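Reader: Please take me through one part of this model at close range. Keep it quick, and spell out the cut-offs as you go.

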Amino acid sequence: MKHRIVVLGAGYAGAITAGRLAKRLHRDDIEITLVNADPAFVERIRLHQLAAGQDLPVRPLRKIFAGTGVGVRIAWVDSVDVDRKTVDLIGANGAETLAYDTLVYALGSAVADYGVPGVAEHTHNVASKQAALRLRERLNELVPGDTVLVVGGGLTSIETATEIAEARPDLKVAMAARAGVGEWLDQKAQTHLRAAFERFGITVHDRADVVRVTENGVVTRSGAEIAARATVWTAGFAVHPIAAASTLTVSEAGRIVVDATLRSVSHPDVYAVGDAAHAAGVGGRTLRMGCATATPMAWLAGDVIAARLTGRKVPDAPIGYNSQCISLGRHDAVVQKVTDEDQPTSKVDTGRKGARVKELICKATLWSVIHPTLMAPGRRRRVAATAPAPVPTA
């Protein structure tokens, strides 16, 4: 029997891991199944563009993985039983159960409301393709002079606010952040950011901790009200509850706790990559959610699993950071160079140069997804006789 590898989620982390495994392992020995709810790859780092009215190419997963040996299963993941080593799915033909020998959990994240009343009822977000398209519809309903409020002060918040402001100069765009918008950046980057906000006419409400969302805007902890015809919630992300509902060891946030090889500390047949993984990077600091960590996690997980199955040395070098890239519309960006521990340095690219760098990174990341077996140099290797044997299922 072939060794069965099941990858849950075909975002950046899951898709790249599946492709790397297909390149590393001989297909006579393994069976790789990639499970995803959407039949197409979702370029999540461009969803703010989709919301602002730009169309993105449709990239079917079955086309991406054709000829690679990776089987694509379009279905929702309902639950995971890591003790029985099975996954319950809901697909076009109803419920089914998929057995595995090695599981790669890459279900990513969704928007986090932090228990703030009104978020679910009165806000939009860009955490998924469907959500971005709903925001796009709402923006198309607005008339000149209407206000769009983006709640949050991080990368997603900044990119969403500036993209909307550039695409719809007839609208008033505002931001409300609990701390300061972009305050973690180097001073040069912060100065450029504020200049971009001024150029776009974006009103920034720093130190505005939103405690309630209404149909007509938000209320802050100080009691101030910020009116808006549309509110976009970009205050953070939370992982799906599936892992926490299993017997996997998870963090307080529900992320799967893994070792230096991205292997679950409680279940050695399970690996976690991307937003779903609670992993330590350079310096022992927990890696943040985002594409910047999803791709190197996928490379590491693919190489680790292949090494263990083929009896080779297992890599365990910690993942570090290089830069933080923030688009400011289509022709401007901030590329903040950071240390391996994700601390900002004085090296910053801005303006059109920054935009070119940011676009190059986005394209390179997509390329690594749509060419799944070209990012792992070397030849396929046979699974070792000492590798865990598949468990027959009824």
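Author: Asp269 lies in the loop between strand 17 (256–257) and strand 18 (270–272). Helices (H or I, at least four residues) and strands (E, at least two) are DSSP runs, numbered from the N terminus. The model is predicted: local features need pLDDT of at least 70, side-chain atom pairs count only at pLDDT 80 or more, and totals for chains, interfaces and linings use all residues. Residues are numbered from 1 along each chain as its sequence is written, and side-chain values use heavy atoms, with hydrogens and water left out.

Asp269 has a relative accessible area of 25%. It therefore counts as partly exposed (buried is under 20%, exposed over 50%, partly exposed in between; 1.4 Å probe, protein chains only). Leaving aside neighbours within four places in sequence, Asp269 is in contact with Lys85, Tyr100, Asp101, Thr102 and Leu103. Contact means heavy atoms within 4.5 Å. Asp83 is 186 residues away along the chain, yet the C-alpha atoms of Asp83 and Asp269 are 9.8 Å apart.

Now helix 8. It covers residues 291–310, 20 residues in total. From first C-alpha to last it reaches 29 Å, close to the 28 Å expected at 1.5 Å a residue (1.5 Å times one less than the number of residues). Of its 20 residues, 16 are buried. Gly311 follows helix 8, with a positive phi near 75°.

Helix 1 (residues 12–24) packs against helix 8. Their axes come within 8 Å and cross at roughly 30°. Axes are lines fitted to C-alpha atoms, for helices over the stretch in contact, and angles run from 0 to 180 degrees between N-to-C directions. The angle therefore makes helix 1 roughly parallel to helix 8 (under 35 degrees; over 145 is roughly antiparallel, 65 to 115 roughly perpendicular, the rest oblique). Among the residues in contact are Tyr12 and Ile16 of helix 1 and Ala298 and Trp299 of helix 8. The contact residues divide into 11 nonpolar, 3 polar and 3 charged. Here Ala, Val, Leu, Ile, Met, Phe, Trp, Tyr, Cys and Pro count as nonpolar, Asp, Glu, Lys and Arg as charged, and the others, Gly among them, as polar.

One more pair. Helix 6 (residues 155–167) and helix 7 (residues 187–200) pack at about 30°, with axes 10 Å apart. So helix 6 is roughly parallel to helix 7. Ile158, Thr162, Ala165 and Glu166 of helix 6 meet Leu193, Phe197 and Phe200 of helix 7. That contact has 5 nonpolar residues, 1 polar and 1 charged.
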